[in-house]
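Thanks for sending this one over. Here are my notes, as numbered points, to read alongside the model.

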Amino acid sequence: MVKPIRDAMSKLVYHDDSQICYSETIHVSIDAAIKLRRASAILLAAFSKGDEFLYVRIDDAPDVIQLPQ
Amino acid sequence: MRPMSSSSPSDAMEQQAIERVAQRYRNEGYDVIVHPRGDQIPSFAAGFQLDLIATRSGESIIGEIKTNRIDLSSDHQITRLAEIVNAQPGWRLDVIVLEPETAVEKAAQEAPEPTDEQLIGILNAAEDLADKGYAPYACVVAWGGLEAAMRRLRDEGELYGRTNPNELMRTLYGNGFLSREQFERLRESYKIRSQVVHGLIPPKVDPELVRYVTATARYLASGEEAAVPSN
(Lines give C-alpha, C1' and ligand atoms only; values in the text may rest on other atoms or scores of the structure.)
Protein backbone atom coordinates (compact mmCIF):
# COMPACT_ATOMS: atom_id res chain seq x y z
CA MET A 1 0.00 0.00 0.00
CA VAL A 2 2.85 2.39 0.78
CA LYS A 3 4.60 2.50 -2.58
CA PRO A 4 1.67 3.79 -4.68
CA ILE A 5 1.05 6.51 -2.10
CA ARG A 6 4.70 7.58 -2.21
CA ASP A 7 4.62 7.57 -5.99
CA ALA A 8 1.47 9.69 -6.04
CA MET A 9 3.22 12.40 -4.05
CA SER A 10 6.22 12.59 -6.39
CA LYS A 11 6.47 15.97 -8.13
CA LEU A 12 3.86 17.31 -5.71
CA VAL A 13 5.56 16.99 -2.35
CA TYR A 14 9.07 16.00 -3.44
CA HIS A 15 10.83 15.41 -6.75
CA ASP A 16 11.16 11.71 -6.25
CA ASP A 17 10.27 9.28 -3.50
CA SER A 18 13.94 8.29 -3.27
CA GLN A 19 14.29 11.48 -1.21
CA ILE A 20 12.41 9.81 1.64
CA CYS A 21 14.94 8.72 4.23
CA TYR A 22 12.62 7.57 6.96
CA SER A 23 9.00 6.51 7.05
CA GLU A 24 6.61 4.89 9.45
CA THR A 25 3.40 3.14 8.53
CA ILE A 26 0.71 1.91 10.87
CA HIS A 27 -2.63 0.30 10.23
CA VAL A 28 -5.19 1.01 12.93
CA SER A 29 -8.81 -0.07 13.04
CA ILE A 30 -11.11 2.95 12.87
CA ASP A 31 -12.89 1.47 15.89
CA ALA A 32 -9.79 0.92 18.03
CA ALA A 33 -8.97 2.46 21.36
CA ILE A 34 -6.25 4.95 20.49
CA LYS A 35 -4.20 7.90 21.67
CA LEU A 36 -3.86 10.75 19.19
CA ARG A 37 -0.77 12.73 20.12
CA ARG A 38 -0.87 16.29 18.80
CA ALA A 39 -4.30 15.52 17.35
CA SER A 40 -4.87 17.76 14.36
CA ALA A 41 -8.30 19.06 13.42
CA ILE A 42 -8.26 17.19 10.11
CA LEU A 43 -7.31 13.90 11.77
CA LEU A 44 -9.98 14.29 14.44
CA ALA A 45 -12.60 15.14 11.81
CA ALA A 46 -11.74 11.99 9.84
CA PHE A 47 -11.63 9.82 12.92
CA SER A 48 -14.97 11.18 14.15
CA LYS A 49 -16.63 10.36 10.85
CA GLY A 50 -15.97 6.68 11.32
CA ASP A 51 -15.07 5.79 7.71
CA GLU A 52 -11.69 4.26 6.95
CA PHE A 53 -9.22 6.90 5.83
CA LEU A 54 -5.62 7.43 4.87
CA TYR A 55 -3.63 10.00 6.81
CA VAL A 56 -0.27 11.09 5.47
CA ARG A 57 1.97 13.39 7.45
CA ILE A 58 5.20 14.70 6.02
CA ASP A 59 7.82 16.14 8.28
CA ASP A 60 11.51 16.92 8.40
CA ALA A 61 13.59 13.84 9.11
CA PRO A 62 14.43 13.34 12.78
CA ASP A 63 18.03 14.10 13.82
CA VAL A 64 18.46 10.59 15.11
CA ILE A 65 16.50 7.73 13.67
CA GLN A 66 15.44 5.19 16.23
CA LEU A 67 14.83 1.77 14.80
CA PRO A 68 11.89 -0.26 16.14
CA GLN A 69 12.86 -2.58 18.99
CA MET B 1 -14.79 18.57 27.18
CA ARG B 2 -17.25 17.36 29.75
CA PRO B 3 -19.44 18.57 32.56
CA MET B 4 -17.36 19.09 35.65
CA SER B 5 -19.79 17.60 38.14
CA SER B 6 -20.17 13.90 38.80
CA SER B 7 -23.52 12.46 39.76
CA SER B 8 -24.18 9.15 38.02
CA PRO B 9 -22.27 5.84 38.07
CA SER B 10 -21.23 6.41 34.45
CA ASP B 11 -19.89 9.86 35.36
CA ALA B 12 -17.97 8.29 38.21
CA MET B 13 -16.47 5.74 35.83
CA GLU B 14 -15.50 8.55 33.44
CA GLN B 15 -13.82 10.40 36.29
CA GLN B 16 -11.86 7.28 37.14
CA ALA B 17 -10.82 6.95 33.49
CA ILE B 18 -9.62 10.57 33.44
CA GLU B 19 -7.67 9.95 36.64
CA ARG B 20 -6.02 6.89 35.10
CA VAL B 21 -4.93 8.90 32.08
CA ALA B 22 -3.72 11.71 34.35
CA GLN B 23 -1.62 9.21 36.28
CA ARG B 24 0.00 8.02 33.05
CA TYR B 25 1.09 11.58 32.30
CA ARG B 26 2.38 11.98 35.87
CA ASN B 27 4.38 8.78 35.41
CA GLU B 28 6.02 10.44 32.39
CA GLY B 29 7.06 13.40 34.53
CA TYR B 30 4.23 15.81 33.80
CA ASP B 31 2.44 17.95 36.36
CA VAL B 32 -1.24 17.36 35.78
CA ILE B 33 -4.35 19.38 36.57
CA VAL B 34 -7.57 17.43 36.14
CA HIS B 35 -10.58 19.54 35.12
CA PRO B 36 -8.74 22.88 35.24
CA ARG B 37 -10.83 25.90 36.19
CA GLY B 38 -10.53 29.66 36.06
CA ASP B 39 -6.94 30.84 35.86
CA GLN B 40 -5.71 27.29 35.37
CA ILE B 41 -7.17 27.38 31.85
CA PRO B 42 -4.92 29.22 29.37
CA SER B 43 -6.56 32.29 27.87
CA PHE B 44 -6.59 30.81 24.35
CA ALA B 45 -8.78 27.94 25.62
CA ALA B 46 -11.14 30.10 27.69
CA GLY B 47 -14.71 28.85 27.32
CA PHE B 48 -13.72 25.20 26.89
CA GLN B 49 -14.25 22.69 29.67
CA LEU B 50 -11.06 20.68 29.59
CA ASP B 51 -10.40 17.20 30.93
CA LEU B 52 -6.79 17.82 31.91
CA ILE B 53 -3.69 19.92 31.40
CA ALA B 54 -0.25 18.31 31.64
CA THR B 55 2.93 20.36 31.76
CA ARG B 56 6.60 19.47 31.71
CA SER B 57 9.57 21.76 31.08
CA GLY B 58 8.54 23.83 28.08
CA GLU B 59 5.91 21.36 26.95
CA SER B 60 2.20 21.73 27.66
CA ILE B 61 -0.61 19.38 26.74
CA ILE B 62 -4.35 19.66 26.80
CA GLY B 63 -5.70 16.13 27.15
CA GLU B 64 -9.22 15.19 26.12
CA ILE B 65 -10.48 11.75 27.11
CA LYS B 66 -13.26 10.06 25.16
CA THR B 67 -14.98 6.82 26.02
CA ASN B 68 -15.10 5.64 22.42
CA ARG B 69 -15.25 6.95 18.87
CA ILE B 70 -18.96 7.79 19.14
CA ASP B 71 -18.19 9.94 22.16
CA LEU B 72 -15.53 11.69 20.10
CA SER B 73 -17.94 12.19 17.19
CA SER B 74 -20.50 13.85 19.44
CA ASP B 75 -18.00 16.48 20.58
CA HIS B 76 -18.51 19.19 17.99
CA GLN B 77 -15.94 21.52 19.54
CA ILE B 78 -12.96 19.20 19.48
CA THR B 79 -11.69 20.10 16.00
CA ARG B 80 -11.90 23.79 16.88
CA LEU B 81 -10.00 23.10 20.10
CA ALA B 82 -7.35 21.22 18.09
CA GLU B 83 -6.84 24.18 15.77
CA ILE B 84 -6.53 26.60 18.68
CA VAL B 85 -4.27 24.48 20.89
CA ASN B 86 -1.90 23.21 18.21
CA ALA B 87 -1.39 26.78 16.97
CA GLN B 88 0.04 27.80 20.34
CA PRO B 89 3.84 27.47 20.61
CA GLY B 90 4.73 24.79 23.15
CA TRP B 91 1.21 23.41 23.32
CA ARG B 92 -0.42 20.36 21.80
CA LEU B 93 -3.75 18.55 22.02
CA ASP B 94 -3.76 14.86 22.89
CA VAL B 95 -6.99 12.92 22.44
CA ILE B 96 -7.33 9.56 24.13
CA VAL B 97 -10.09 7.19 23.03
CA LEU B 98 -10.37 4.62 25.79
CA GLU B 99 -12.46 1.84 24.30
CA PRO B 100 -12.78 0.24 20.90
CA GLU B 101 -16.15 0.50 19.21
CA THR B 102 -17.91 -2.84 18.93
CA ALA B 103 -19.76 -4.17 15.90
CA VAL B 104 -23.01 -3.78 17.83
CA GLU B 105 -22.30 -0.14 18.63
CA LYS B 106 -21.48 0.49 15.00
CA ALA B 107 -24.68 -1.19 13.84
CA ALA B 108 -26.71 0.79 16.36
CA GLN B 109 -25.77 4.03 14.63
CA GLU B 110 -27.78 3.01 11.57
CA ALA B 111 -30.72 1.20 13.17
CA PRO B 112 -33.06 2.44 15.89
CA GLU B 113 -33.86 0.67 19.14
CA PRO B 114 -37.17 -1.24 19.09
CA THR B 115 -40.30 0.34 20.50
CA ASP B 116 -42.17 -1.50 23.30
CA GLU B 117 -44.44 -3.01 20.68
CA GLN B 118 -41.54 -4.11 18.47
CA LEU B 119 -39.70 -5.63 21.42
CA ILE B 120 -42.77 -7.66 22.36
CA GLY B 121 -43.00 -8.72 18.72
CA ILE B 122 -39.42 -10.02 18.76
CA LEU B 123 -40.01 -12.00 21.96
CA ASN B 124 -43.32 -13.40 20.68
CA ALA B 125 -41.61 -14.48 17.46
CA ALA B 126 -38.95 -16.31 19.46
CA GLU B 127 -41.55 -18.16 21.52
CA ASP B 128 -43.50 -18.97 18.37
CA LEU B 129 -40.40 -20.48 16.76
CA ALA B 130 -39.68 -22.52 19.88
CA ASP B 131 -43.27 -23.82 19.95
CA LYS B 132 -42.91 -24.90 16.33
CA GLY B 133 -39.80 -26.96 17.04
CA TYR B 134 -37.12 -24.46 15.98
CA ALA B 135 -35.63 -23.90 19.41
CA PRO B 136 -32.04 -23.21 18.25
CA TYR B 137 -33.18 -20.44 15.89
CA ALA B 138 -35.65 -19.24 18.50
CA CYS B 139 -32.68 -18.83 20.83
CA VAL B 140 -31.07 -16.35 18.41
CA VAL B 141 -34.26 -14.29 18.11
CA ALA B 142 -34.84 -14.41 21.87
CA TRP B 143 -31.33 -13.12 22.43
CA GLY B 144 -32.02 -10.25 20.04
CA GLY B 145 -34.91 -9.22 22.24
CA LEU B 146 -32.91 -9.75 25.40
CA GLU B 147 -30.06 -7.57 24.13
CA ALA B 148 -32.49 -4.76 23.35
CA ALA B 149 -34.03 -5.08 26.83
CA MET B 150 -30.60 -5.08 28.47
CA ARG B 151 -29.46 -2.01 26.52
CA ARG B 152 -32.62 -0.18 27.49
CA LEU B 153 -32.14 -0.97 31.18
CA ARG B 154 -28.47 -0.04 31.05
CA ASP B 155 -29.28 3.32 29.47
CA GLU B 156 -32.23 4.07 31.78
CA GLY B 157 -30.16 3.10 34.80
CA GLU B 158 -27.24 5.20 33.54
CA LEU B 159 -25.00 2.20 34.01
CA TYR B 160 -21.57 2.22 32.53
CA GLY B 161 -20.97 -0.75 30.28
CA ARG B 162 -20.18 -1.87 26.80
CA THR B 163 -22.81 -2.88 24.27
CA ASN B 164 -21.66 -6.37 23.43
CA PRO B 165 -24.01 -9.02 24.87
CA ASN B 166 -21.57 -10.61 27.31
CA GLU B 167 -20.54 -7.32 28.84
CA LEU B 168 -24.13 -6.09 29.00
CA MET B 169 -25.02 -9.23 30.90
CA ARG B 170 -22.11 -8.75 33.30
CA THR B 171 -23.00 -5.10 33.83
CA LEU B 172 -26.58 -5.94 34.78
CA TYR B 173 -25.49 -8.83 36.99
CA GLY B 174 -22.87 -6.66 38.66
CA ASN B 175 -25.47 -3.99 39.37
CA GLY B 176 -28.01 -6.39 40.85
CA PHE B 177 -30.48 -6.45 37.96
CA LEU B 178 -29.86 -10.14 37.30
CA SER B 179 -29.63 -12.92 39.88
CA ARG B 180 -26.82 -15.45 39.83
CA GLU B 181 -29.25 -18.04 38.46
CA GLN B 182 -30.43 -15.73 35.69
CA PHE B 183 -26.84 -14.87 34.82
CA GLU B 184 -25.82 -18.53 34.59
CA ARG B 185 -28.83 -19.59 32.51
CA LEU B 186 -28.43 -16.65 30.16
CA ARG B 187 -24.80 -17.55 29.67
CA GLU B 188 -25.86 -21.08 28.84
CA SER B 189 -28.36 -19.81 26.27
CA TYR B 190 -25.84 -17.32 24.85
CA LYS B 191 -23.51 -20.19 24.05
CA ILE B 192 -26.27 -21.79 21.97
CA ARG B 193 -27.13 -18.49 20.32
CA SER B 194 -23.49 -18.04 19.28
CA GLN B 195 -23.22 -21.56 17.93
CA VAL B 196 -26.30 -21.04 15.74
CA VAL B 197 -25.24 -17.57 14.59
CA HIS B 198 -21.93 -18.99 13.38
CA GLY B 199 -23.53 -21.86 11.50
CA LEU B 200 -22.79 -24.58 14.02
CA ILE B 201 -25.21 -27.23 15.20
CA PRO B 202 -25.75 -27.01 18.94
CA PRO B 203 -26.69 -30.01 21.03
CA LYS B 204 -30.41 -30.47 21.67
CA VAL B 205 -31.95 -27.18 22.78
CA ASP B 206 -34.72 -27.22 25.37
CA PRO B 207 -37.55 -24.86 24.26
CA GLU B 208 -37.91 -23.95 27.94
CA LEU B 209 -34.51 -22.32 27.79
CA VAL B 210 -35.80 -20.05 25.03
CA ARG B 211 -38.82 -19.17 27.14
CA TYR B 212 -36.49 -18.44 30.05
CA VAL B 213 -34.62 -15.93 27.86
CA THR B 214 -37.82 -14.25 26.66
CA ALA B 215 -39.25 -14.15 30.20
CA THR B 216 -36.05 -12.54 31.46
CA ALA B 217 -36.18 -10.00 28.63
CA ARG B 218 -39.79 -9.14 29.50
CA TYR B 219 -38.83 -8.80 33.15
CA LEU B 220 -35.93 -6.49 32.36
CA ALA B 221 -38.00 -4.42 29.93
CA SER B 222 -40.85 -4.04 32.41
CA GLY B 223 -38.63 -2.94 35.26
CA GLU B 224 -40.93 -4.92 37.56
CA GLU B 225 -40.09 -7.72 39.95
CA ALA B 226 -41.67 -10.19 37.54
CA ALA B 227 -41.44 -13.89 38.21
CA VAL B 228 -38.99 -15.62 35.89
CA PRO B 229 -39.38 -19.36 35.40
CA SER B 230 -36.75 -21.24 37.36
CA ASN B 231 -36.56 -24.16 34.93
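1. From the N terminus on, the elements of chain B run α-β-β-β-α-α-β-α-α-α-α-α-α. That comes to 9 helices and 4 strands, where helices (H or I, at least four residues) and strands (E, at least two) are DSSP runs numbered from the N terminus. The model is predicted: local features need pLDDT of at least 70 and side-chain atom pairs count only at pLDDT 80 or more, while totals for chains, interfaces and linings use all residues. Residues are numbered from 1 along each chain as its sequence is written, with chains lettered from A and ligands numbered from 1 in the order in which they are written.

2. On burial, 32% of the 231 residues of chain B count as buried. Here buried is 20 or more other C-beta atoms within 10 Å of a residue's own, exposed is 12 or fewer, and partly exposed lies in between, with C-beta atoms placed from the backbone. Among contacts in chain B between residues at least 6 apart in sequence, 60% join residues at least 24 apart; a contact requires C-beta atoms, placed from the backbone, within 7 Å.

3. Which strands make up the open sheet, and in what order? There are 5, ordered 1(A)-4(B)-3(B)-2(B)-1(B), with mixed pairing; two strands pair if DSSP finds at least two bridges between them. Strand 1 (34–36) of chain A and strand 1 (31–34) of chain B stand at the edges with a single partner strand each, so one side of each has no neighbour in the sheet. From one strand to the next, the twist averages 20°.

4. Strand 4 (residues 91–97) of chain B pairs in the parallel sense with strand 3 (residues 59–66) of chain B over 7 bridges, and one of its residues, W91(B), is the bridge partner of S60(B). With strand 1 of chain A, strand 4 of chain B pairs in the antiparallel sense over 3 bridges; there V95(B) is the bridge partner of L36(A). Helix 3 (residues 78–86) of chain B lies across strand 3 and strand 4 of chain B and runs at about 150° to strand 4. Such angles run from 0 to 180 degrees between N-to-C directions, and axes are lines fitted to C-alpha atoms, for helices over the stretch in contact.

5. Now the interface: 19 residues of chain B are in contact with 16 residues of chain A. Strand 4 of chain B gives the most to the chain B side, with 6 residues. By class, that side has 9 nonpolar, 3 polar and 7 charged residues (nonpolar: Ala, Val, Leu, Ile, Met, Phe, Trp, Tyr, Cys and Pro; charged: Asp, Glu, Lys and Arg; polar: the others, Gly among them).

6. L98(B) is worth a look, in the loop between strand 4 and helix 4 (103–108) of chain B. L98(B) counts as partly exposed because it has 17 C-beta neighbours inside 10 Å. Leaving out residues up to four places away in sequence, L98(B) touches A33(A), A17(B), I65(B), K66(B) and T67(B). L98(B) and I65(B) are 33 residues apart in sequence and 7.3 Å apart in space, C-alpha to C-alpha.

7. Finally, a helix pair: the axes of helix 6 (residues 135–156) and helix 7 (residues 165–174) of chain B come within 10 Å and cross at roughly 50°. The residues that meet include W143(B) and M150(B) in helix 6 of chain B, and P165(B) and L168(B) in helix 7 of chain B. The residues of this contact divide into 7 nonpolar, 1 polar and 3 charged.

Note on methods: Contact = placed C-beta atoms within 7 Å.
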